[in-house]
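Below, terms are put to the test, one at a time.

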Amino acid sequence: MKARRNKKQIPSFRKLIKTSKVKLENKLKNKQFKQQSTLKKYRKEQRKLRQAVKDAVSKKPIPLENPKEKRPGKRIEREEEEEEEALPLDMMDEDDLQLMKDLGQRASFLTRDLSSSEPVHAKKRKHERIIDKYEKIPRTLQTAPEKELIHLLPIKDKSGIIPQTREKPEIIEDPIQELTIEEHLIERKKKLQEKKMHIAALASAILSDPENNIKKLKELRSMLMEQDPDVAVTVRKLVIVSLMELFKDITPSYKIRPLTEAEKSTKTRKETQKLREFEEGLVSQYKFYLENLEQMVKDWKQRKLKKSNVVSLKAYKGLAEVAVKSLCELLVALPHFNFHNNIIVLIVPLMNDMSKLISEMCCEAVKKLFKQDKLGQASLGVIKVISGFVKGRNYEVRPEMLKTFLCLRIKEVEVKKDTEDINKPKKFMAFKEKRKSLSRMQRKWKKAEEKLERELREAEASESTEKKLKLHTETLNIVFVTYFRILKKAQRSPLLPAVLEGLAKFAHLINVEFFDDLLVVLHTLIESGDLSYQESLHCVQTAFHILSGQGDVLNIDPMKFYTHLYKTLFKLHAGATNEGVEIVLQCLDVMLTKRRKQVSQQRALAFIKRLCTLALHVLPNSSIGILATTRILMHTFPKTDLLLDSESQGSGVFLPELDEPEYCNAQNTALWELHALRRHYHPIVQRFAAHLIAGAPSEGSGALKPELSRRSATELFEAYSMAEMTFNPPVESSNPKIKGKFLQGDSFLNEDLNQLIKRYSSEVATESPLDFTKYLKTSLH
């Protein structure tokens, strides 16, 4: 017969299922409690053991008894006398004194803690044997320095618990070799090369197979915390840029949404599961990457030195600039992907940063986003944040923030009064409507037409026009609210030029109901005298943009704006105000050319005369733009050619100093300035002046070349700009060098001058010698 097994059988799976959950939890808790109590007991025993050993070592050895003193009674009496001398017994209670005497008679007095509340003769335990063993060990004087011990897990056998210790090994540190500067640079270059190779290997692996190597993104991102002080800053910058380029390449063209609980619980194919894991890992790493970039910018702003001291405070700015540049790239490249709104919230405050480099970087990124955003979803998000930021700062921000609004792609969109008025999506006819209004053949055609239209809608990748209109309408509403708030509350703000420029651009999209009030505000601003000349020009430009659009139907006389522009034209010159010429050219185009039916001949004559006078004292590119505008006005108002005839006369005398263009009698003057401009040093100015003197013909010898006649005045102003401090076009040399022929002597002089010199030199008499001494003598006397 086989012996029965004493071991406890492991319960089967079926039995475990039957066991209640509560019972299993209780068993587990009991087991954990037992383990904790056992461990606690063991620690307590070890503590007491160490204390006992320490006390035994520190106690002085009791001297041996004197063999002559055989009577124990006398010894006890002597000890009692000594104790009485040592202790002030009169200050102790009788009970305490009796207790001390009793304890003194017991053997455990030396090794027992007096503060312990345990009975003196408690039941003996196992660890007491260990104490006895330690007591039997002979004591030696400590001569060598005590070595540090490491306490290991104890061993338990039949005799009891045996503690285990080991000496702590001494770590011999290698002496740090001091490197020279050259060796240090070589070592740094070597480390940097290794890091670059590692970054390149990780990036190549991720690009080659993003789905399988998505975990390597985490490894690459961990290098953002590089701890080697020699290469920390450079490596971090390289990793920031590498991750930015990787995310731009591997990010899908759609937004990844989180999975629902139902989707997580359902079984899917391996390919689908693999795609889900890739998307989840990508979004997670992208989020952590953006948080790292945000932290770098915060560290630079707060200027708090980290505990590791790996990166110095000076390096924070460089890291922050690279981080901001990466954020700007992601803002433009991934407007459709997750966390785009978070990037917008980070970028917009940096548009107003004290650092000019970071501010320009962010503003350029926002402009680029506006220009390429066809639908308008991303633009709307940025406009909302900018509007809130400007209002929160009480309109004390950089003007560049509002100038970004000029890059919005909503020029050709017809915005209605309200969002509700926008045409609703086209609905197909119901069957009953078709049956009532269409014949059988027409119904067939209609059915085929609707089918084709549905297919075209499905095939079309771009968003619907209705959605664009809604987004653009909402965007414009926020833009105009921002503009009107500044006009109302911050009229002396440096933001005013940007506001007026924006209103001039989007004036044709403003609701007609606001036109009257807006024109009053603009005129009040001009009359206040608080604006610079360029700002007042923006006011005039805005007013005429309003009147040339939907305001055409309004019965408003803008004569005060014509008068303001006419009397302030001579504020322009070749110095600081030369840049204002471009705005003047735009204003003249809107005021005179586009409103030709509302402009009288007297007004056109006065403006032409004043423009030709202005062309004399501005830079060449401004003169070209002004003369091009004069040419267009002469074509628009044909009767103004009387200014080219010096013999024509009318009633009155020309009054050039009068500020009213209608009453200055410009018909009694002539454009004599064109003859002065004909001798201008700039060849294009000469050509335009000669063309206008000839009556600005479209054909013939006096006509302009197509590259000049087909360009607008503003385009010519920009094309012939002298911003680079060079002649535009460059001056051609009058005597081109011929290969193999060198000019010598008087060949450099004019032919007429050469003949004159020869004639006079031949007439001079050289027979009598010249005597200068007689003149010298007379001067001395």
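Predicted model: local features only at pLDDT ≥ 70, side-chain atom pairs only at ≥ 80, totals over all residues.

Q: What makes up the chain as a whole?
A: The chain has 31 helices and 2 strands. Buried residues make up 32% of its 781 residues. The accessible surface comes to about 55200 Å², and 53% of that belongs to carbon and sulfur atoms. Among contacts with a separation of 6 or more, 69% join residues 24 or more positions apart.

Q: What makes a set of residues a nonpolar core, and which residues have the most contacts inside the largest one here?
A: The members must be buried nonpolar residues of the listed kinds, joined through side-chain atoms within 4.5 Å. The largest such core has 163 residues. Leu217, Leu282, Tyr289, Ile386, Leu565 and Phe688 have the most contacts inside it. Helix H11 (residues 313-333) supplies the largest share, 12 residues. In soluble globular proteins, nonpolar side chains tend to be buried together.

Q: Which residues does Phe688 touch, leaving out those up to four places away in sequence?
A: Contact requires heavy atoms within 4.5 Å. Phe688 meets that with Ile624, Leu627, Ala628, Arg631, Leu704, Leu708 and Leu716.

Q: How do you know that the length of helix H13 agrees with its residue count?
A: Helix H13 covers residues 356-372, which is 17 residues.

Q: Why are the buried residues of H13 said to line one face?
A: The buried residues are Ile358, Ser359, Cys362, Cys363, Ala365, Val366, Leu369 and Phe370. Seen down the axis of H13, they fall within an arc of 155 degrees, so they line one face of the helix. An α-helix has 3.6 residues a turn, so residues three or four places apart point the same way. On the other side of H13, Lys356, Lys368 and Lys371 are exposed.

Q: What covers the buried residues of H13?
A: The cover includes helix H10 (270-302), H11, helix H12 (340-350), helix H14 (377-392) and helix H15 (399-403).

Q: Why is helix H19 called largely enclosed?
A: Helix H19 (residues 496-506) has 11 residues, and 8 of them are buried, so the rest of the structure largely encloses it. Those buried residues are Leu496, Ala498, Val499, Leu500, Gly502, Leu503, Ala504 and Phe506. Their cover includes H15, helix H18 (465-489), helix H20 (515-528) and helix H21 (533-548).

Q: Why is His680 called buried?
A: Buried means under 20% relative accessible area. His680 has 15%, so the label holds. His680 sits in the loop between helix H26 (673-677) and helix H27 (683-693). Its side chain reaches the backbone nitrogen of His682 at 3.0 Å. Setting aside residues up to four places away in sequence, His680 touches Pro620, Val685 and Gln686.

Q: Why is Ala205 called buried?
A: The cut-off is under 20%. Ala205 has a relative accessible area of 15%, so it counts as buried. Ala205 lies in helix H6 (residues 181-208). Beyond four places in sequence, Ala205 touches Asn213 and Lys216. Ala205 and Lys216 are 11 residues apart in sequence and 8.0 Å apart in space, C-alpha to C-alpha.

Q: Why is Ser159 called partly exposed?
A: Partly exposed lies between the buried limit of 20% and the exposed limit of 50%. Ser159 has 41% relative accessibility, so it belongs there. Ser159 is in the loop between strand E1 (149-156) and strand E2 (161-167).

Q: What makes the pairing of Ser159 and Asp157 a polar contact?
A: A polar contact needs N or O atoms within 3.5 Å. The side chains of Ser159 and Asp157 make one at 2.8 Å.

Q: Asn394 or Tyr395: which is buried and which is exposed?
A: Exposed means over 50%, and buried means under 20%. Asn394 has a relative accessible area of 53%, so Asn394 is exposed. Tyr395 has 7% relative accessibility, so Tyr395 is buried. Asn394 lies in the loop between H14 and H15, and Tyr395 is in the loop between H14 and H15 too.

Q: What is the phi of Asn394, and what is the phi of Tyr395?
A: Asn394 has a positive phi of about 60 degrees, although it is not a glycine. For Tyr395, also not a glycine, phi is positive and near 65 degrees.

Q: What kind of peptide bond joins Asn728 and Pro729?
A: The bond is cis, with omega about 5 degrees. Pro729 is in the loop between helix H29 (713-719) and helix H30 (751-763).

Note on methods
Residues numbered from 1 in each chain as written. Heavy atoms only, no water. Buried < 20%, exposed > 50% of the residue type's maximum accessible area, 1.4 Å probe, protein only. Helix = DSSP H or I, 4+ residues; strand = E, 2+ residues; numbered from the N terminus. Expected span 1.5 Å × (residues − 1). Arc of directions from axis to C-beta. Areas by Shrake-Rupley, 256 points an atom, 1.4 Å probe, with all protein chains shown as cover. Polar contact = N/O pair within 3.5 Å; in protein donor to acceptor, adjacent residues only side chain to side chain.
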